[in-house]
There are 2 protein chains.
Amino acid sequence: MTIPIPTVKRFPSYLRILKQAKDGGKKYISATTLAEELDLNPIQVRKDISSTGIEGKPKVGFCIDELIHLIVHILGWDNTSDALIVGAGSLGSAIARYDGFEAYGLKIVALFDKDPAKIGSRIGRFEVLPIDSINAFIAEKRISIAVITVPAVSAQAVADLLVGCGIRGIWNFAPKDIKVPPSVVVQRTDLATSFAVLSVKLGRKIAEQEGAESDDELV
Amino acid sequence: MTIPIPTVKRFPSYLRILKQAKDGGKKYISATTLAEELDLNPIQVRKDISSTGIEGKPKVGFCIDELIHLIVHILGWDNTSDALIVGAGSLGSAIARYDGFEAYGLKIVALFDKDPAKIGSRIGRFEVLPIDSINAFIAEKRISIAVITVPAVSAQAVADLLVGCGIRGIWNFAPKDIKVPPSVVVQRTDLATSFAVLSVKLGRKIAEQEGAESDDELV
């Protein structure tokens, strides 16, 4: 059975609650409890859980250890994936220094750039490597995931290079859509767009409120 | 006229192309060119542009300077917003060190934490400030935007505190949905969920391909 992507998106939250319950000494959890903790519909939660193949015990619920194990396995977080970063600018450096990805199985193992001024310099625990050496590195270390943090203008060229080197999954932080063959998966995280949405919604909210206040004054 | 959020989401990409064209010495741009550069439907691009209120010149297109000015203004990126970060852990530190937000009008001015071991330490250009002082800080500096980078378990308490201090916009990087009053805007960026989706899609793609290869062998 193929688990729907919206379910996959909820799994990290389930995992968090399951681990909290486990740390609190619990062995079983009900779909209702999970639904309440996450403010989700219990029917949805039951469907999501049943997609893992686990069976609950009546009046007891689901075995927490078993459910954690299944979800971690479905997410592929039980196998750490080595990944590299291309682009040692401000964002690439921030991501290279961030060590939180390992908790969900993503281990950054190298940081590449094309700028001779950056190559050889240290960023966090990495020495910036020359982009010319990326093909050999990917082949030798059998890397399948890359994080792109180059400027928009270079994003497609870097994606083409990575695909040519055999990369299968790209996490694209560059502010540009990239095109890849159907055998490659791309996930986009665009901080500029997220902030644009926050910024515009906030502006509207403030305008609304100011409008409401002037209306009050007219009364 | 209220500009639809999907249009707002495309504006940062339009801006990027417009600035490139301007740097290349151009004064006018057509909707068709924009659409081609971004691989969008030209009709969509025309609708998006007309939502800014700009009028194009027949056979010449839209004045690039004017369009940049309007989009920047709509996004609110002509006014830099001061923002603070709550949570000086690994992710908060990475974001505090990242200086790319200023390009779109978000200026991080302070970094707070509740951990006495972190308070007073330096992270990038910030000294970590005690969370107890956040109310006075927000009032004095008239901050309206906060970035939350605390663990999931503390996210709601921090959001409540921020709302109580008068924060109006929250960019939530904590892996948890937070509840706020209707006068407050929340934008969520969840790196764990993004990576979960990448990870699962990649696993499926690899399984598909391996399946296809074994089928080949059977022929």
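1. Let's start with a term: a residue is called buried when its relative accessible area is under 20%, exposed when it is over 50%, and partly exposed in between, using a 1.4 Å probe and protein chains only. B:D48, with 1% relative accessibility, therefore counts as buried.

2. A word on what you're looking at. This is a predicted model, where local features need pLDDT of at least 70 and side-chain atom pairs count only at pLDDT 80 or more, while totals for chains, interfaces and linings use all residues. Residues are numbered from 1 along each chain as its sequence is written, chains are lettered from A and ligands numbered from 1 in the order in which they are written, and side-chain values use heavy atoms, with hydrogens and water left out.

3. Back to B:D48, which sits in helix α3 (residues 42-50) of chain B; helices (H or I, at least four residues) and strands (E, at least two) are DSSP runs, numbered from the N terminus. Leaving aside residues up to four places away in sequence, B:D48 touches B:T7, B:R10, B:F11 and B:Y14, where contact means heavy atoms within 4.5 Å. With B:Y14 there is also a side chain to side chain polar contact, at 2.5 Å. That term stands for a pair of N or O atoms within 3.5 Å; within protein, one must be able to donate a hydrogen and the other to accept it, and residues adjacent in sequence count only if both atoms are side-chain atoms.

4. Two bridges join β7(B) to the parallel strand β4 (residues 106-113) of chain B, and B:D113 has B:P130 as its bridge partner in β7(B).

5. What about charged pairs? The structure holds twelve salt bridges over all chains, each being a side-chain nitrogen of Lys or Arg within 4 Å of a carboxyl oxygen of Asp or Glu. One of them joins B:K22 and B:D65, whose closest N and O atoms are 2.9 Å apart. B:K22 is in helix α1 (residues 5-23) of chain B and B:D65 in helix α4 (residues 64-75) of chain B, so this pair ties together parts 43 residues apart in sequence. B:K22 is partly exposed at 42% relative accessibility, and B:D65 is partly exposed at 44%.

6. One last pair to find: B:R188 and B:D190, whose side chains meet in a salt bridge (2.9 Å, N to O). Buried or partly exposed: which is B:R188, and which is B:D190? B:R188 counts as partly exposed at 27% relative accessibility, whereas B:D190 is buried, with a relative accessible area of 14%. Over in chain A, a network of salt bridges links A:D177, A:R188 and A:D190.

Conventions
Pairing = 2+ DSSP bridges.
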